[in-house]
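Welcome! Keep the picture in view while you read.

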Amino acid sequence: GKVDLEKYKTEKHALLIEQWEHMGPDSMVFEVEGNGMEPYFLDGDLIVLKKEEFQSWESLDSNLILVKMGNAYYLRKLFFDEGNPFLYSFNRRLYPPIELEENAEFISVLSGQIDRDVRNIKFK
């Protein structure tokens, strides 16, 4: 999905010790909004992204990454098709792949998910 960093704010969460240790100091927590990451991540899920040093787009192949292109942020899976990098939504029926722009800025890689409350899942 698309990430709106204008809405991003720093908050302190009460997390289990194991979850905090997994996150580390260079991690960010985001709430998934919308259906762009279904069926793996649902609206309202909390995911953890870890800041890592950028080496190359090729080294990130098949990873779920956060990138900035222009004024928009995208959280998508990176795949190469005939040598060209594309960002894929998990919900491919609704969201087509986006070609990674030459000036795209790497932000982080998905590193985990905070426990999901499955009682709130709505099946359509």
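A word on confidence comes first: pLDDT is the predictor's confidence in each residue, from 0 to 100. Helices (H or I, at least four residues) and strands (E, at least two) are DSSP runs, numbered from the N terminus. What you see is a predicted model, where local features need pLDDT of at least 70 and side-chain atom pairs count only at pLDDT 80 or more, while totals for chains, interfaces and linings use all residues. Residues are numbered from 1 along each chain as its sequence is written, and side-chain values use heavy atoms, with hydrogens and water left out.

**How confident is the model?**

The chain has an average pLDDT of 78, and 73% of the residues score at least 70. Confidence is highest in strand S6 (residues 84-88), with a mean of 95, and lowest in helix H1 (residues 17-23), with a mean of 51. Over residues 9-18 the pLDDT stays under 50. For that stretch the model has four contacts beyond four places in sequence, a contact being heavy atoms within 4.5 Å.

**The nonpolar cores**

A nonpolar core is a set of buried Ala, Val, Leu, Ile, Met, Phe, Trp, Tyr and Cys residues joined through side-chain atoms within 4.5 Å. The largest such core has 13 residues, and Trp57, Ile65, Val67, Leu87 and Leu100 have the most contacts inside it. Strands S4, S5 (72-81) and S8 are the elements that give two or more residues to this core. Leaving aside neighbours within four places in sequence, tryptophan 57 is in contact with several residues, including Ile65, Val67, Leu78, Phe80 and Leu100. A second, separate core of 11 residues includes Met37, Ile47, Leu49 and Leu66.

Methionine 69 lies in strand S4 (residues 64-69) and counts as buried, at 6% relative accessibility. Beyond four places in sequence, methionine 69 touches Tyr74, Leu87, Ile98, Glu99, Leu100, Glu101 and Ala104. The C-alpha atoms of methionine 69 and leucine 100 are separated by 8.1 Å, although the two are 31 residues apart along the chain.

Serine 108 lies in strand S8 (residues 105-114) and is buried, with a relative accessible area of 0%.

**Aromatic pairs**

Rings of Phe, Tyr and Trp (its six-membered ring) pair if their centres lie within 6.5 Å; planes under 30 degrees apart count as stacked, over 60 as edge-to-face and the rest as tilted. The structure holds seven aromatic pairs. Here are two of them.

| Pair | Centre to centre | Angle between planes | Type |
|---|---|---|---|
| Phenylalanine 41 and phenylalanine 90 | 6.1 Å | 35° | tilted |
| Phenylalanine 54 and phenylalanine 106 | 5.7 Å | 40° | tilted |

Phenylalanine 41 sits in the loop between strands S2 (27-31) and S3 (46-50), and phenylalanine 90 in the loop between S6 and S7 (98-99), so their pair ties together parts that are 49 residues apart in sequence. Phenylalanine 41 is buried at 10% relative accessibility, whereas phenylalanine 90 is partly exposed at 23%. Ring pairs also link Tyr40, Phe41 and Phe90 into a cluster.

Phenylalanine 54 belongs to the loop between S3 and S4 and phenylalanine 106 to strand S8, so this pair ties together parts that are 52 residues apart in sequence. Phenylalanine 54 is partly exposed at 40% relative accessibility, while phenylalanine 106 is buried, with a relative accessible area of 8%.

Technical notes
Buried < 20%, exposed > 50% of the residue type's maximum accessible area, 1.4 Å probe, protein only.
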